[in-house]
Amino acid sequence: MTDCIFCKIIKSEIPSSKVYEDEHTLAFLDINPVTKGHTLVIPKQHCTDIFDMKEEDAKAVMATAKKVASAVFHGLNASGVNLLNSNKKAAGQEVFHYHMHIIPRYENDGVRMFPHEKYKETDFKMTAERIKSNL
Ligand code: 5GP
Ligand code: ZN
């Protein structure tokens, strides 16, 4: 896509710090890291989010994410790693080319992820049914 910033990174039309590349995927450092070494893995074929992504690209991205997560974990002496992918504006997506975040984590690094809510028993069952009926 011509005005997609991540497509421009793939084509090296704008600079980035690439750490891994293969036929279907690219991994590069996030310009505004949660912690240093925060890396993004993207499919080379443009798709907006998980919903329009081809299954082969999803597999390729996960294979690259596994490889890069291990390199981030060992190479940066991290104590943990988060993999995170946001889909649609309501979920916090800001760049509309699918990407998986790989975020190195450390004990007491102060990074806070999501707050949690509680289910009532009926909601618990109904929520599972609504998901299952769409599979
Ligand atoms: P999102 O909020 O869509 O899940 O994440 C988008 C991520 O892309 C952000 O973490 C942001 O820092 C990163 N980002 C946005 N523009 C650029 C860019 O031009 N270069 C790089 N390397 N990262 C970018
Ligand atoms: Zn793109």
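Modeller: His 101 belongs to strand β5, residues 100–105. Strands here are DSSP runs of E with at least two residues, helices are runs of H or I with at least four, and both are numbered from the N terminus. This is a predicted model: local features need pLDDT of at least 70, side-chain atom pairs need pLDDT 80 or more, and totals for chains, interfaces and linings use all residues. Residues count from 1 along each chain as its sequence is written, chains are lettered from A and ligands numbered from 1 in the order written, and side-chain values use heavy atoms, without hydrogens and water.

Colleague: Is His 101 buried or exposed?

Modeller: Buried, because its relative accessible area is 14%. The cut-offs are under 20% for buried and over 50% for exposed, with partly exposed in between, using a 1.4 Å probe and protein chains only.

Colleague: What does the side chain of His 101 contact?

Modeller: The side chain of His 38, through a polar contact of 2.8 Å. A polar contact is a pair of N or O atoms within 3.5 Å; within protein, one must be able to donate a hydrogen and the other to accept it, and residues adjacent in sequence count only if both atoms are side-chain atoms.

Colleague: On to the ligand. How many residues surround ligand 1?

Modeller: 16, and the closest are Leu 29, Asp 30, Glu 94, His 99 and His 101. To be near, a residue needs a heavy atom within 4 Å.

Colleague: Which distances do you have for oxygen atoms of ligand 1?

Modeller: A polar side-chain atom of Asp 30 is 2.5 Å from one. For a polar backbone atom of Glu 94, the distance is 2.6 Å. With His 99, a side-chain N or O atom lies 2.8 Å from a ligand oxygen. The protein buries 83% of the 520 Å² that ligand 1 exposes when taken alone. Those areas come from the Shrake-Rupley method with a 1.4 Å probe.

Colleague: Which element gives the most to the shell around ligand 1?

Modeller: α1, with three residues. Both α1 (5–10) and β2 (25–29) supply at least two.
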